[in-house]
Structures are given as C-alpha cells and as structure tokens.
Amino acid sequence: MHDLEFRQQVLDPISASFCGAKWYNATIWLGSGMTTSCHHPPAHRINEQEIKLHPSSIHNTQQKKQDRAQMQRGERPAGCEYCWKIEDMGRDAVSDRVYKSRIFPTEALIEASAMDPDADVNLRTLEISFDRTCQLACSYCNPAFSSTWVRDIHRNGPYRDLVSDGRNHFTHEHTSAQLYTINDENPYITAFFEWWERDLHRTLDELRVTGGEPLMSGYTWQLVDWFKNNPGRSRTRLAINSNLSMEWATIQRLLDLCEGVELDLYTSNESMGAHAEYIRDGLVWQTWIDNMTAIMRSKQTRALHVMCTINALCLESLPEFLTLLLEWKSRWGADMPSFTLNILRFPSFQSPLVLPDKIRMKHRNRLQQWVDIWWNHAMLQEHERNHVQRLIDYLDVVKTPHSDAFEITTLHRDFGNFYRQYDQRRDKCFTDTFNGLSSWYNQL
Ligand code: SF4
C-alpha cells in the first residue's frame, strides 16, 4: 500500500488527525526529564512524583493523554503543527503522521483509537537520551543537546542581537537540560531501567539511543552490556544515533558487543565536505566517510540511516550528497544507507525558507534535476522519493518556517548576526565556504 493510500484507508477512517506515535512512540530526554511523541511537537516535562509509582509515566504523561483524546475526536493537537503544515499544502502531501503510524500493525492503531485516552500504554518504539555529552556543536543545535555548545556559551557568552531566537537557544547554557551530574542518581534514568527490566524489554520493537553523542555516555554502554549479558531475553532491535565522529575502535567495540542483536545505526549529515564541516562544527568529513564505509563493509549492522536536517546552508551541495548516498546504496544495498530529509524549522533564521527567492528556486530546480535523473533508480525507496519530492514542494509553496516565525527581514538580520559570531567563535569563514551565498550574505 502506498503512503497516501495508507492515510486514506487506515488513518482517515479512524480520524482526520490520528497518529499512532502519540501512543506507541516517544522520545524521552532522561537528563532533563522531558518527553515528546516525536521530534516535532515541543518537549514537555515528566512528572517526577508519578514516575516513582509508575515508571511508565516517563512516557504516559498528562499532556500526551490530552493529545490522544483530541486525536480520537479528530481535532489537531497544536504541538503537531509540523504535520498540519505539510498536509495543508494540499497536493496530497504525506506528512510524518503517516510514516510514524504505518510502522505499527493496523490492529494496534485501531486498538489505540478505541482505548481510554487516560490508559497507560506500553511503547513499541522509543528514543531515549541519557545525557547531552557531545563532541560536536552543529550550527542548528544548541546547548540543550550538546556539551560542546555549552562550552561555547560558557567561554564566549551569549550570542547577541538575535531577535527571532524566541526560545533563547543561543543565549544561555541550558542547565535545565542536564539536571544531574554523573555522580547523582537521576530518577528518570532509574525509572527507565526499572520499566525496561519489568516490561519494556518485552514490548519494544525498537529502542533508539540518542544524545548528545550516545557513544560518549556510560549508560549507553550499560544498556549494550545488558544485551550482551542477556542473550535472547529481548527481541528489541537496538538503534543508536551517532555522529560517527570518533575513532573507529569505539564503533568496532559497539559492533562486537552487539553481536547477535539486531542493530541499526543512524547518523546525521546533509552536505558535502567543507559545507558539512562548517554546519556540523567538529565533524571531520574524511573521518565520517571512513567510518560510514567501514560500517557498510563490516556487515555487522542490519541497516545504516542518514538523517538529513534540511537547513539554509546544505542546499548548495545536497544534490551531490544524495548522489553519494545513491552510490553507496548501489554498492551495499537499499538500506546501506537509507536516508530521510527532515526540514528544519527551528531556529527559524536557519530555515531554507530564509533564502532569497532566486537562490531558493535555483536549489529547488537543482533538486528537480536530481529527481529527473534518479527517480527510477532501483535502490531509491518510496519514502526517499517522497521526501525529496516534498522538499521540492516545500521550497515551492511554503513561505514561513512556522506559524510564529518573524518577518523575513528579521530572519535575514539574525542569519547575518548569527553566522558572523559563529565564524569568530569557531574560527570559520562563511563567505569562503558558501560561494553561492556570499554576495547575498555580505549585504545582510
Ligand atoms: S507531529 Fe506528526 S508525526 Fe509527530 S506526533 Fe504529531 S501528528 Fe504524529
């Protein structure tokens, strides 16, 4: 069944806004005690008292229960705006609500639709972050998710003159993102391991560990050791999000410990060479390429996925990057690697929509040319075709990154103000790196 048919035949009969992710999927940041159903709705706080009695409350929060009730009635929870914006484009656009629902059995979706919205649900897919330790500081990330970003703010102070940074991503160290030090007992992590031991290791199809950089967290290795020491006890597939910017020995250790476990690796990148090193500060392009190649050659993972965060800077080399992924696929298979294109909305001044119309349309047309050449490539998967097509549509149709976004002149000013400070702090040069944007940038 195609994605659109799935929406029409499975989701729409349940309700016009139903999404299985509200019941069966979660991202939980254990370092800060926050959760959300997928990456798009803003994260909300987990009640520390509730988890003492019911560890599963790290997922089954009051907020999610309200959202579930709304979805059962066909109303749109405000936090899911990303999906509503895609669907309101028309053109039968397929939003993430489809992708994030169709991974679950149809019976489970129907069961959720009839369930008491206040009931506690066992997860089927879970993404957890133990802490924010990370050796990179990507331009679209912030101190809440990267200890290297914390160091930038600690050493250099807040970024100045950013009017549209309404969430204050770049002005403070986000101490609330890391409530506990390495020596403290973190009640959220305690609740997770309790729930894991009691139920989760039986019900979860996939457990995905994110960060920071998870391979820098001792809790990730505790979890990997659990799999090693409990062979056959859990059928959960393990997935790790890693920036793959470390020495190969660390990745090899992970692959070896996970022998006998279904393992997927997820990594992030969306542009080539110097562009990638600029956007994803700390990344060494050649190290990333070497580690990607070694993983594919090892055949020790079930799959390797590349998550592309589509921002204003990556479009210049995105088509070449997609061609590189296709070359790898041709050699190693459709899932080696697969990719998703996730359109950045925050910080809004880094959205691809801040680019002037002429430049934006040039990139849109280059992507269209890429599609014209590669659309029927045997290794391109349906969701990948849809993601490229919806990015083209997005560049065509959507005018603002999100409903509360500032005027474009403010976003332009913030774009210039941010990258001038980023260049100074990180010893980089925007105009040398992005030739196609330099004359526009110099006027900002
Ligand atoms: S943002 Fe979309 S995919 Fe995420 S939970 Fe909401 S409806 Fe589902």
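**Exercise 1. Work out which residues leucine 391 touches, leaving aside its neighbours within four places in sequence, and whether leucine 391 is buried or exposed.**

Solution. Begin with location: in this predicted model, leucine 391 belongs to helix α16, residues 382-397, where helices are DSSP runs of H or I with at least four residues and strands are runs of E with at least two, numbered from the N terminus. Next, list the contacts, meaning heavy atoms within 4.5 Å: with neighbours up to four places away in sequence set aside, leucine 391 meets Ile310, Leu318, Leu341, Ile343 and Leu367. Finally, consider accessibility: leucine 391 counts as buried because its relative accessibility is 1%, the cut-off for buried being under 20% relative accessible area, with exposed over 50% and partly exposed in between (1.4 Å probe, protein chains only).

Residues are numbered from 1 along each chain as its sequence is written. Local features of the predicted model need pLDDT of at least 70 and side-chain atom pairs count only at pLDDT 80 or more, while totals for chains, interfaces and linings use all residues, and side-chain values use heavy atoms, with hydrogens and water left out.

**Exercise 2. Find which side chain makes a polar contact with the side chain of arginine 364.**

Solution. Arginine 364 is found in helix α15, residues 357-374, and is classed as buried because its relative accessibility is 15%. Apart from neighbours within four places in sequence, arginine 364 is in contact with Ile392, Leu395 and Asp396.

**Exercise 3. Identify the buried residues of helix α19 and what covers them.**

Solution. Helix α19 spans residues 435-442, and its buried residues are Leu437, Ser438, Trp440 and Tyr441. Their cover includes α15, α17 (408-426) and α18 (430-433). Helix α15 is also the helix that holds arginine 364.

**Exercise 4. Decide whether serine 32 is buried or exposed, and list its contacts beyond four places in sequence.**

Solution. Serine 32 sits in the loop that joins β1 (25-29) to β2 (34-36). Because its relative accessible area is 8%, serine 32 is buried. Once neighbours within four places in sequence are left aside, its contacts are Arg45, Ser176, Ala177 and Leu179.

Definitions and conventions. A polar contact is a pair of N or O atoms within 3.5 Å; within protein, one must be able to donate a hydrogen and the other to accept it, and residues adjacent in sequence count only if both atoms are side-chain atoms.
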